[in-house]
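Here are my notes on the model you passed along. Have the sequence and the 3D view open while you read.

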Amino acid sequence: MKLERNRAERRSKKGVPILYNGVPYLIFAALAAGFLFGAPQLAATSCVAQAAKSTVSTIERRQFLFAFAGYLGKTNSVLARGFTEKDFTYTGSKTWIDEGHGNSRIKFLTSGTFTPKKKMVIDVFLAGGGGGGGGNGNTGMLSVGSGGGGGYTATYRTITLNANQAYPIVIGGGGAQSANGGNTTGFGFTGYGGGAGYKVASSYGVANGGNGGSGGGANGRTSGWVQGGAGGSDGSNGGAVLASGGVGQGATTREFGIAGATLYSGGGGGGSYSNSIVAGQGGNGGGGRGYGGPGGGPTAGTANTGGGGGGGSSDANYYGAVGGSGICVIRNAR
């Protein structure tokens, strides 16, 4: 583009005339286009320098490697920002959490159908139901059950949800005594239920803890009145006694895998034969304690944590305790 000297209307601080007529601010428009549309290459016309007696025109091609980092109007702004309770419906029980700064989470506590009223991009966290603790109760023999495994956890990131589309969510139930926990499903993903604690098939028998997000503790022994193993925490194996603790998933069970976030899926503690023996303690993240002192009977995994149930004992007709139900959590994508 040839530019005549008499069209220059302003001068730079160095005394070089710079053209500002014609198509307004081509360079600035190109820069703006790079920021807004992320174009990998844009042709831009440089400023034109004019000498005292002649006109010099130059044209350069430059690359503007700008990544899209902002929001383009109302439609795109909903993709990265949080959402309010007015932006969706859910037919089950849930808790909505405003985290501030445009961020939010929803914890789905019971099964139902989630329907967003606008397009969203989310992260998803799932925990399956905890496995039930093992234990036959009074079967005419001395027996102690192991703890149930916590539900397996999983995190999925940057999932796009369509406006006005129904998304069914199933919250896995805790397993009954010696039964696996139920699977939690949502948005096409699954958090699997934890494994059951084992029964003891014979007097003085041994039983491994249930496998899961965190492993259940092994059963104690009636011979010598040995304490049950502790449930695993944060993806670890359950405590071993003569039998092995359940195998944990080997990765953190914290919400969205973030250090310091809410912990889920603790393993159930293994039962101890007598109330005069300390119980196998449940793992952090909702695991139930096994039978034993102080306190007696085994406890269930905590609801909506995926914690495993504590192991029982034939000492006072205690069957294994049930596992805790699972959970599904979503947040705006981070």
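1. Why is strand 14 (residues 327-332) largely enclosed by the rest of the structure? Six of its six residues are buried, so the rest of the structure largely encloses the strand. Buried here means under 20% relative accessible area, with exposed over 50% and partly exposed in between (1.4 Å probe, protein chains only).

2. A word on ground rules. This is a predicted model, where local features need pLDDT of at least 70, side-chain atom pairs count only at pLDDT 80 or more, and totals for chains, interfaces and linings use all residues. Residues are numbered from 1 along each chain as its sequence is written, and side-chain values use heavy atoms, leaving out hydrogens and water.

3. Look at both faces of strand 14. Ile 327, Val 329 and Arg 331 are buried on one side, and Cys 328, Ile 330 and Asn 332 are buried on the other. In a regular strand the side chains alternate between the two faces of the sheet.

4. Now the neighbours. Strand 7 (residues 103-108) runs antiparallel to strand 14, joined by four bridges; Lys 107 has Val 329 as its bridge partner. Strand 9 (residues 120-127) is also antiparallel to strand 14, with six bridges, and Ala 127 is partnered with Ile 327. Strands pair if DSSP finds at least two bridges between them.

5. For the whole chain, there are two helices and 14 strands (DSSP runs numbered from the N terminus: helices are H or I, at least four residues; strands are E, at least two). Buried residues make up 48% of the 334 residues.
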